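Me: Could you walk me through this model? I would like to start with the overall layout and then turn to the packing.

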Amino acid sequence: MADVKPPEIASNIKKKLMYVNRKAPYGTIYALESLEVVLISAAFEQDVSLAFLDDGVYQLMKGQNTSGIGMKNFSPTFKALGDYEIKKLYVEKESLDERGLKPDDLMEISYEDEDEGFAKKPSVRIVNRSELTQIMAQQDVLLNF
Amino acid sequence: MDAYVLDSHTYEHDEEGYLKNLADWNKELAQLIAKDEKIELTPEHWEVVNFLRDYYEEYQVAPAIRILVKAMKKTFGPEKGDQKYLYQLFPYGPAKQACKIAGLPKPTGCV
């Protein structure tokens with residue numbers, strides 16, 4: 001039959017995906033795996049954000065040096081996320097406080113805003129626990145690592 | 001184990017031809033890998049290869065094609081930051097082939 005319509009393709013439906021990172025960068029494979037999944041899934045053009053809480057905040061620390069543990073220091077890759085259109089990295093303030101960390105201890109990660117002449121804007125947003133809870137509640141999918 | 005052989009040195013690669021050890025890379029080895037890929041390296045090819053190596057050095061990740069196009073555009077302008085241009089240089093997938101020649105891992109997200 002010539003006039004049968006193909007089923008509607010869901011390709012234009014954007015979902016809000018949040019990757020929740022709770023573990024220290026090294027010692028387990030979770031942090032690296034999470035980042036790789038984030039990079040791969042960026043091709044699907046969803047509304048992606050990352051959250052860092054508990055020991056996950058250590059993933060964003062400045063000056064990581066892994067030469068003593070024989071693992072690749074993948075922290076520079078977070079700085080490529082802007083190229084992948086990932087612009088929202090939420091860091092829970094309480095998790096920083098509990099570990100004696102300040103926002104200054106974290107890497108500067110930015111993206112270029114195409115709507116404003118490629119102006120550099122910070123991707124890292126420090127939020128408190130209740131704000132993060134609300135942001136999580138707005139997501140379609142939470143992926144825990 | 002599969003390996004490239006150059007001047008009686010062996011350089012291990014994986015089953016798809018990507019170098020196992022990033023530190024093994026040199027320009028002569030790049031020529032050899034390119035030959036395996038049936039690519040004659042011109043200055044335009046080298047521009048992409050060197051760009052990828054710089055990108056990897058800075059971000060520790062081999063970019064997927066979409067990201068490579070965007071980053072090339074930023075650095076070299078729209079003529080070179082162009083998927084078609086890159087496919088002319090590297091017909092079997094710019095990110096894949098150019099990364100292989102640049103001695104980098106396969107781009108994350110490439111199947």
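Me: Before that, what sort of model is it, and how are things numbered?

Reply: This is a predicted model, in which local features need pLDDT of at least 70, side-chain atom pairs count only at pLDDT 80 or more, and totals for chains, interfaces and linings use all residues. Residues are numbered from 1 along each chain as its sequence is written, while chains are lettered from A and ligands numbered from 1 in the order in which they are written.

Me: How many helices and strands does chain A have?

Reply: Chain A has three helices and seven strands; helices (H or I, at least four residues) and strands (E, at least two) are DSSP runs, numbered from the N terminus. Along the sequence the pattern reads β-α-β-β-α-β-β-β-α-β. The C-alpha atoms of chain A fill a box of roughly 65 × 35 × 30 Å along the principal axes.

Me: And how much of chain A is buried?

Reply: Of its 145 residues, 28% count as buried. A residue is buried if 20 or more other C-beta atoms lie within 10 Å of its own, exposed if 12 or fewer, and partly exposed in between, with C-beta atoms placed from the backbone.

Me: Which residues have the most contacts inside the largest nonpolar core?

Reply: They are Val38(A), Leu50(A), Ala51(A), Phe52(A), Leu52(B), Ala98(B) and Ala102(B), in a core of 51 residues. Elements giving two or more residues to this core include strand 2 (47–52) and strand 3 (89–92) of chain A, and helix 2 (43–59) and helix 5 (94–101) of chain B. A nonpolar core here is a set of buried Ala, Val, Leu, Ile, Met, Phe, Trp, Tyr and Cys residues joined through C-beta atoms within 7 Å.

Me: What does Leu50(A) touch?

Reply: Leaving out residues up to four places away in sequence, Leu50(A) touches Tyr19(A), Asn21(A), Val38(A), Ile86(A), Leu89(A) and Tyr90(A). Two residues are in contact if their C-beta atoms, placed from the backbone, lie within 7 Å. Leu89(A) is also the bridge partner of Leu50(A) in strand 3 of chain A.

Me: How do the strands around there pair?

Reply: Strand 2 and strand 3 of chain A pair in the parallel sense over three bridges. Strand 3 and strand 6 (residues 124–127) of chain A are also parallel, over four bridges, with Val127(A) as the bridge partner of Glu92(A). Strands pair if DSSP finds at least two bridges between them. Both faces of strand 3 of chain A are covered, Leu89(A) and Val91(A) being buried on one side and Tyr90(A) and Glu92(A) on the other.

Me: Switching to chain B: how many residues of helix 5 are buried?

Reply: Eight of its eight residues are buried. They pack against helix 1, helix 2, helix 3 and helix 4 (83–89) of chain B.

Me: At what angle do helix 2 and helix 5 of chain B cross?

Reply: Their axes cross at roughly 80° and come within 9 Å. Axes are lines fitted to C-alpha atoms, for helices over the stretch in contact, and angles run from 0 to 180 degrees between N-to-C directions. Helix 2 and helix 5 of chain B are therefore roughly perpendicular (65 to 115 degrees). Val48(B), Val49(B) and Leu52(B) in helix 2 meet Ala98(B), Cys99(B) and Ile101(B) in helix 5.

Me: Lastly, how many residues of each chain are in contact with the other?

Reply: Eleven residues of chain B are in contact with twelve of chain A. Helix 3 of chain B gives the most to the chain B side, with four residues.

Key. Parallel < 35°, antiparallel > 145°, perpendicular 65-115°, else oblique.
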